[in-house]
Amino acid sequence: MPSQILQISHLPPKSSPSTEMMFKSLIYDDPSTTLLSSSSRFCDDHHTISATVKPLLSRSSSYNGGVTAKKTSSSSGGGLAGWYQNRWRRSNSDNCLSAFPDGTNGTDGGSNSGDRQTTIGLEVGHAAAETFLLTRLCLKLLSYLGVGYRWITRFMALGCYAFLLMPGFIQVGYYYFFSPYVRRSIVYGDQPRNRLDLYLPKNSNGPKPVVAFVTGGAWIIGYKAWGSLLGQQLSERDIIVACIDYRNFPQGSISDMVKDASSGISFVCNHIAEYGGDPDRIYLMGQSAGAHIAACTIVEQVIKESGEGDSVSWSSSQINAYFGLSGGYNLLSLVDHFHSRGLYRSIFLSIMEGEESLRQFSPELVVQNPNLKHIIDRLPPFILFHGTDDYSIPSDASKSFAETLQRLGAKAKVILYEGKTHTDLFLQDPMRGGKDEMFEDIVSVVLGDNQELIGKSVDRRRLVPEFMLKLAHWVSPF
C-alpha cells in the first residue's frame, strides 16, 4: 500500500519537566571489553586512547579538521595480541586518507608505499587474537542476557530469518567485498571500531550529496556492513553513503556510541570532499538503535554549538536533514516495551548507563527542556520513517517525536508505511527488487533540486524469491 504522510498539527506549547542540559561524558571505561574493528579487530588491553578535537573552522575555511591523539601505556606486554597490534600499526599508520586507486577494491584504504604482502603468520595471529577477544566478549554479553527462553527462541528465529534471506545476503556480501566502488574500514578516530565504509557512485562528475548512516542492532550487534544494501542502492543514484561503525555493548555504553557517531560525522563533514562528496549537502540517517544514536548525536551537537558544551569539530548547519528509520526517541516510554520483547530492563539500563540517564539520552525529552529553547532553530529538518506493524519499536515513537518537534517550532514530519514491520523497510523490501517506496522517498529529499536524477530509472533486480521473503516476514524476531 502507498505510504502516508501523517499530518501533525501544531499544538500549543506544554510545560515539560526539566531535562539534563548535556549528555554525560564517557563513564563506561572497562579496558577488558575493548573490541576489535573490522580492519584492526584488536586493541591491546593495556592501552587506552583519548582524543581531543580542534575547534570548528569557519565555513569560509577548509573543511580539513583534525584530531590530536594521546596514548598512555601501563606496560609493554601483549604476547600474540601485542605482536599483531604492533604489526598492524606499522602497516596502517598513514593509510586512512589516501585517494581511491583505480581498479582496486578499496579494502585497505589505499597506500602510498605500494601493495603489501600479508604473511600467513600475520593472518594466523589476526585470527587467533580475534577469536580470543570475540569469545571473551560473547561470554560477557551472555552473563548479562542469561539463557532465558526468550533469548533462546529469539536466536532460533534469527537463525531461520537469516537462512531465508541468505541468497540476498550472499549477493550483497559479494558486492561489499569485491566492488571497486566500496571503500571499507576507513579510520575516522582513535577508539576501537572507529571505522567507516564509503559507497561511491560510478559517476565521478561533480561533488555528490552524502548520507552519513548509523546502523541499528539493538545497541548490541550493530556493524557498519549492515548498511551495504542501502549504500548500494543510494550510490546507484549518484549519492555517496558513509556507514559509520561504533562500539557496541558491552564494549561500550550509550555515551561511547554517541561519541563515536559524532567523530564519524566529523570525519565525513571535514574530509568527504576528498572522496568526491559535497560538504554542503550532507544528510544524517539512522536505523532502529542507530536512529536513536544519531538523534542523540545531533541534539548533543546543537547544545555544544549554543555554548553549553565543549568545542566542536563539525557544524549542525552542514546537516541538511535527519532521516530516522524505525527509531525510538523517548526511552522512558520504551523501557517496559523492550523488557517485554526480551531486551530486559537490567541489560537495557546497563547500556544506557543507569535509570537516571534515560532522560539524558531521550532526544524527545531533551528538546523539551525549557532551558534549551534556543537550540530548536539549530536543528535540521527531521523526517521520520516507520512501519505501522513494527513491533520492535512501535510507530507511535516516531509520531510522538515529530509532534513534539513541531510543537516546539522545529521542522518535522513522519511518513508511515502501512503493514510494514521493523525489518521490511530496511531488508525485505529492497531485496524484492523493482521500485522501493521508502528508498524513493529518501532520494526525493536528497536530490530534491535535481529532477533528472530523481526520475532516473534504476533496474533493481530481485535478490530473494517472494515466498522466502514472506516466510522471513513471519519468522522475524525483530
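F177 counts as partly exposed because its relative accessibility is 45%. On that scale, buried means under 20% relative accessible area, exposed means over 50%, and partly exposed lies in between, with a 1.4 Å probe and protein chains only. Before going on, a word on the source. This is a predicted model, where local features need pLDDT of at least 70, side-chain atom pairs count only at pLDDT 80 or more, and totals for chains, interfaces and linings use all residues. Residues are numbered from 1 along each chain as its sequence is written, and side-chain values use heavy atoms, with hydrogens and water left out.

Back to F177. It sits in helix α4, residues 166–178. Helices here are DSSP runs of H or I with at least four residues, strands are runs of E with at least two, and both are numbered from the N terminus.

An unreviewed UniProt entry lists residues 155–177 as "transmembrane region". UniProt positions follow the numbering used here, feature names are shortened, and annotations may be inferred rather than shown by experiment. In the model, residues 155–177 are 96% helix and 0% strand. The end C-alpha atoms of that stretch are 26 Å apart.

Start with α5, residues 228–235. Eight of its eight residues are buried, so the helix is largely enclosed by the rest of the structure. Among them are L229, L230 and L234.

Now α11, residues 396–408. This helix has 13 residues and reaches 18 Å from first C-alpha to last, close to the 18 Å expected at 1.5 Å a residue. The expected span is 1.5 Å times one less than the number of residues. Buried residues of α11 include A397, F401, L405 and R407. What covers the buried residues of α11? The cover includes α10 (363–366), β10 (382–387) and β11 (412–417). Contact here means heavy atoms within 4.5 Å. After α11 comes G409, with a positive phi near 100°.

That brings up backbone angles. Most residues other than glycine have a negative phi, and most peptide bonds are trans. S185, in strand β4, has a phi near 55°. S185 is buried, at 14% relative accessibility. S326 also has a positive phi, about 55°. This serine lies in the loop between β9 (319–325) and α8 (335–340), and is buried with a relative accessible area of 0%.

Then the prolines. The peptide bond from F249 to P250 is cis, with omega near 10°. P250 lies in the loop between β7 (240–244) and α6 (254–271). P192 is in another setting: the loop between β4 (182–187) and β5 (195–199). P192 is buried, with a relative accessible area of 13%. How far apart in space are P192 and Q251? They are 9.0 Å apart, C-alpha to C-alpha, and 59 residues apart in sequence.

Last topic: charges. Side chains of opposite charge can pair when their charged atoms come close. The structure holds 15 salt bridges. A salt bridge is a side-chain nitrogen of Lys or Arg within 4 Å of a carboxyl oxygen of Asp or Glu.

One network links K420, D429, R432, R462 and E466. Take its pairs in turn. D429 meets K420 at 3.2 Å, N to O. D429 is buried, at 12% relative accessibility. R432 pairs with E466, the closest N and O atoms being 3.1 Å apart. That pair links distant parts of the chain, 34 residues apart: R432 is in the loop between α12 (424–431) and α13 (437–446), and E466 is in helix α15, residues 466–475. E466 also meets R462, at 3.1 Å, N to O.

E466 is partly exposed at 26%. R462 is partly exposed at 40%.
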